[in-house]
Structures are given as structure tokens and as C-alpha cells.
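Subject: Structure handover

Dear colleague,

I am passing on the structure below, and would ask you to look it over before reading my notes.

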Amino acid sequence: MNKKAHYVVLIVLCTIIAKPLRAQLNQQPPPDTVVAVPVMNYKDTVYQNMAAGELTPGKGFLLVKNEFASLNFSMYAMARYLNQGPGDQTWYDHLGRARSLTGRNDFNWHRTMLWFTGFVGTPKFTYMATVWTVMTTQQTLVYGNLKYSFCKGFSLGMGISPNMGLRSLQGPFPFFTATDRTMAEDAIRPGFTNGLFANGFITSKLGYNLMLGNNLSALGVQASKLTRDLSKSASVFWMPTTGEFGPRGGLGDLEHHNKLATRFGASFTHARDDRFNGSEQPSPDNTQVRLSDGVLLYETGALADNVTVDKATYQLASADIGFKYKGFCLFSEGYYRVLDDFVADGPLPVTSITDMGYTLQVSYMVMPKVCLYGVNSMIMDDFKRNPWEAGGGINFYPKQNRNWRINTQLMHIEKSAAGGTFGLYNAGQTGTTFTFGVDILI
């Protein structure tokens, strides 16, 4: 899709959204968009999921509230065991070059998120400051955003937010089927960045998210290295039957819907991406984009020996569908990604790369506290590798709510497209991955 086309997509979405918003601009936001007033009522400290993805706090604890401001504290934490087998193996990338990997076998306090949220001056103006740390990658960040809610139909914010490429980036975390994303999601998705974002509901059952960001992912990229190219992304979602899809729009039907809950959506991301450091360094600062064999697009030799890609255009379109009914949940999402317009320091054998893929997740509450699930994801690529995974697991909720979960999962993986120590996958892996994890959200 060329530049004119993606601007047309954004203009059309904004036009659709703008008309019904005019009628809502003078309305007050729902009273529970921030922290409700009575401190003594625990249920009134519940936050609506008006932020997105990894940015959304839980119920937490209301520490301070007066006429001028409020302060709420919330936390997410997860510990897990991960075993990737076989322990040592050789795999071959799309150019036929032999690479080796060592499967992990370790215990980790994997990640912690501390949220400080509330309002200042008026309940319409909210803030969020987050301490985010991942022990497995030895990373710690403090980030946040500011947002003003004009009405239920329109909120505008600035700060860290996701590029709206996939549904899992727009609210469900940490209520995934497992404790992390599937292989196809993890390999093909954009990331989080600084930018200007807007969200809201056009009608009671139709919502949207828009984002204008600095790049595909801010992680590891200093502002001094950014280019003037901005990422653009948009998403719409429709929940025609019940107007909701459970807490955060997460997966699994722990809430046991007695009426069929449905959700349909579509997302799009465009970015003129950059390596963000000189080609004399073989390892790029930008580690967000991977090829379907798990190789980083911007590492030296990714597409041709001794050649480094400095720039590329990233475009991702996705469509998702979900159903929940009496403990049963089905969710599927399809992806279409194009990488092209390469700028490199040498000749390349390709001018564009197209990847198509999907994720399918099915779960059922076999007991009030026990959920069985199955997962299958796949990427169909130009390299004819077609990486895939299949498996499943068990979620146990000791208190029959989503705030405390014990997860066990076993997956078989063929030629993993995802990699890194943050998620569950090792690039190029063919074998099995077993995980056992415990996570909490307060």
C-alpha cells in the first residue's frame, strides 16, 4: 500500500468517527473513567480499560483523593519457569546459512509493572506513570502518558502508547490465553512508542483507537537517533451482541457469558522504519522487526551476506473475530504484513517481502476455576518456511477471578519466527517449549 493509500484509510476512519462525536462533545464522561469518589467502597476503585495494552492498570488501591487530584497504585507481576527443547540445535535461515541456538531452561521473576495513576484538576484529565522492569532482559524503564477525556466518544492523549497493529496491543494484557503472546503475534507485531493517540466509542458497541507515533518501537532507541518519519496506525472494533467482551476484552470466558458475546475488529499500521544506528555496527538498535525465519531485518547480512538494511517501510493489516458463551471462548486473528522500499549499503535479492499469518485460540472452562485451551499460529511467507506452532495448556484461577492465575503450557514449534528472551520463543527453534507461570494483577 503506497503513502497516498494509507493516508486515505486514516482520513476515512477519522471522517466516520467525527460525525457522531459532535453530538457527544458536551456530554460528561462516565463517572468511572477514573477513580470513583467513595474511598470506603472497594468496587469504586475499579478502572475502566480506557488505556491500552501493557499500559492499563488494574483495580489497585486508592491512596489519595481530594478535589484537586487523586493517586491510585496498581501492580502486575509474573514469575515463570521456561524450558525450550531440544537444548542445543542447529537451524538454517532463509539463505541456507547454519545458525545455532541453545534452548533456555530457567526460572525467572520475569516482569514487574508498577502503575501510579489518577487525575489532576478535573476527572477528565488523567495521568499514568509506570515503572516497567523485565529481569530476563535486564531492562527497566519509567514511562507514562497524559490524557483528556472530552466525552465517552473522544479521549486525546500524549505519551507512550502502542501502534495499533494487533488486538493484543489494545487492551487484553495480561488476560491472554497464556502468559504471553503466540508465536505469530510476537513475530509480526509492531511495538510501543511515544506519540499522540485518541480513542473512544462511536456508539455503545463500536469503538476505535488511533495513534500517531515516533516509530514502530521506542525500546532501545534514543530521541537523538529518531528520524522525521512518523508511524501511523488505526483500529476499529465492534461488539454487536452484548456491547462488551469481558474484562479488558481479554480471552477466556471465566465470567461465563449467558448471552453470546461477539467481537469483530480490524487494525492497520504504517511506518517508514529505520535501523537507528550506523551500518558499521552489525547489531541494530532497532530490534522490533523480524523476518519470518526469526532473523532481525536490520542486522548485517539479514537479506544478503555483508549487506545491511538501513531503512524499510513496514505495513501491517489485521482482522480479528471472537466469541464467548457459557465458558467457551474462540478468538482468531489474521495478519498481512509487507516490508518494502529497502535502503541498504549493497545489492539485495528482493525488493519486498510479504508475510501472511493467523492465530487461533480456543478455550473452555471445564470447572469454575479451571480453563483448558488450545493454540495454533502460523506465518505463510515468501521464503516458503511457513513457521507454525500448536499446543495448549491449563489456567487455574485459585480465587475464581482474573487477578491471580497459575498457568501451565506445552507447545510444539516448527522454525520459530519469534525470538528474544522477553517472550516464549527462540528464533529458529524446532521442538517443544514448556512453561509454568504464576501472575497477579492488583
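Tyr76, Phe173 and Phe176 form a single aromatic cluster, where rings of Phe, Tyr and Trp (its six-membered ring) are paired if their centres lie within 6.5 Å, and planes under 30 degrees apart count as stacked, over 60 as edge-to-face and the rest as tilted. Please bear in mind that this is a predicted model, in which local features need pLDDT of at least 70 and side-chain atom pairs count only at pLDDT 80 or more, while totals for chains, interfaces and linings use all residues. Residues are numbered from 1 along each chain as its sequence is written, and side-chain values use heavy atoms, with hydrogens and water left out.

The structure holds 11 aromatic pairs. In one of them, the ring centres of Tyr76 and Phe173 are 5.1 Å apart and the planes stand at 65 degrees, so this pair is edge-to-face. Because Tyr76 belongs to strand E2 (residues 70–85) and Phe173 to the loop between strand E8 (154–162) and helix H2 (183–188), the pair ties together parts that are 97 residues apart in sequence; helices (H or I, at least four residues) and strands (E, at least two) are DSSP runs, numbered from the N terminus. Tyr76 is buried at 0% relative accessibility, and Phe173 is buried as well, with a relative accessible area of 1%, where buried means under 20% relative accessible area, exposed over 50% and partly exposed in between (1.4 Å probe, protein chains only).

Strand E2 also contains Ala79, which is partly exposed, with a relative accessible area of 29%. The C-alpha atoms of Ala79 and Asp439 are separated by 6.5 Å, although these residues are 360 residues apart along the chain. Leaving aside residues up to four places away in sequence, Ala79 touches Asn108, Trp109, His110, Phe436, Gly437 and Val438, a contact being heavy atoms within 4.5 Å.

Two arginines lie over aromatic rings, the criterion being that NZ of Lys or CZ of Arg is within 6 Å of the ring centre and within 35 degrees of the ring normal. The charged end of Arg263 sits over the ring of Phe237, 4.7 Å from its centre, and Arg402 lies over the face of Phe175, at 5.1 Å from the ring centre.

For the chain as a whole, the secondary structure comes to two helices and 19 strands, and buried residues make up 54% of the 442 residues.
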